[in-house]
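User: Hi, I have a structure open and would like to go through a few spots in it with you. Could you keep the terms simple as we go?

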Amino acid sequence: MPGIAHESDGDVVRLRPVTEPDLAMFRRFCTEPGLIGLDWGGFRDPGESVRRFAVDGMLSAQDGRLVVEAGPDAVAAGFVSYRAGQYAPRADYWEIGIALLPQWRGRGVGWRAQALLCDYLFAHTPVQRIQAGTHPENLPEQRSLEKAGFQLEGVVRACEFRAGRWRDGYLYSRLRDDPSPWD
Ligand SMILES: CC(C)(COP(=O)(O)OP(=O)(O)OC[C@H]1O[C@@H](n2cnc3c(N)ncnc32)[C@H](O)[C@@H]1OP(=O)(O)O)[C@@H](O)C(=O)NCCC(=O)NCCS
């Protein structure tokens, strides 16, 4: 099953749909300052994830969220997200995102989860392109994207207002025909 699980030396990273017990983790990302990392933009409605989960389990045709499971006990380590975009008619793409809980960072989970999500999206949708944005100071995400098979495309100037001012972002992409990071 492409994009569901990756095992290396008995260490498994898995993607699965959100379940009700995971909603507490989503609420934490909305209300604990900085838990989500550099994307922290102030307190957000913690009820939004509960309402969204009730509508479609956070899986629509246009966007979705999957829980990243890791460790021997297969606990929820964070989540990945995807959202549809379009550069031109018949030129659809996905933009992906990720946030792991702090205790799961730097343990080889993030790059594998993003590589799994690419396998999943390329297997189940015909898109040619998956993109991801990150911050110039987010070295873990830059390296994680590169390990997941992404290439840096360039700097997107003043694309986000964060921590008091407009800031540049880095845009990465992985194309369907790019080399797989598992090979
Ligand atoms: C960004 C994030 C997803 C990366 O996942 P991760 O599991 O921590 O990273 P990995 O363990 O898969 O590491 C991937 C690579 O990055 C490197 N890396 C990890 N942490 C690093 C750090 N603090 N500084 C420099 N490199 C780092 C690893 O060494 C590895 O490269 P290597 O194999 O060449 O050594 C994760 O740290 C996270 O959720 N951070 C908070 C939320 C966030 O920033 N999301 C992205 C927003 S754009």
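User: Where does Ala-163 lie?

Analyst: Ala-163 lies in the loop between E7 and strand E8 (165-175), where strands (E, at least two residues) and helices (H or I, at least four residues) are DSSP runs, numbered from the N terminus. Before we go on, please keep in mind that this is a predicted model, in which local features need pLDDT of at least 70 and side-chain atom pairs count only at pLDDT 80 or more, while totals for chains, interfaces and linings use all residues. Residues are numbered from 1 along each chain as its sequence is written, and side-chain values use heavy atoms, with hydrogens and water left out.

User: OK, and is Ala-163 buried or exposed?

Analyst: Ala-163 is exposed, because its relative accessible area is 66%, and the cut-offs are under 20% for buried, over 50% for exposed and in between for partly exposed (1.4 Å probe, protein chains only). Ala-163 also has a positive phi of about 50°, although it is not a glycine.

User: What about Ala-158, which strand is that in?

Analyst: Ala-158 is found in strand E7, which covers residues 151-162, and its phi is near 45°, again a positive value in a residue other than glycine. With a relative accessible area of 42%, Ala-158 counts as partly exposed.

User: Switching topic, which residues is Ser-81 in contact with?

Analyst: Leaving aside neighbours within four places in sequence, Ser-81 is in contact (heavy atoms within 4.5 Å) with Gly-64, Arg-65, Glu-95, Ile-96, Gly-97 and Leu-117. Ser-81 belongs to strand E4, residues 75-86, and it is buried, since its relative accessible area is 18%.

User: And how many bridges join E1 to E2?

Analyst: Strand E1 (residues 5-8) and strand E2 (residues 11-17) run antiparallel and are joined by 4 bridges; two strands are said to pair if DSSP finds at least two bridges between them. Ser-8 stands opposite Asp-11 in E2, and in the hairpin, which has 2 residues between the strands, Asp-9 takes a positive phi near 50°.

User: Which residue in E3 stands opposite Leu-15?

Analyst: That is Val-68, and E2 pairs with strand E3 (residues 63-70) in the antiparallel sense over 5 bridges.

User: Last one, what does the UniProt annotation say about residues 13-177?

Analyst: The unreviewed UniProt entry annotates residues 13-177 as "domain: N-acetyltransferase", with positions in the numbering used here and feature names shortened, and such annotations may be inferred rather than shown by experiment. In the model, that span is 27% helix and 38% strand, and its end C-alpha atoms lie 24 Å apart.
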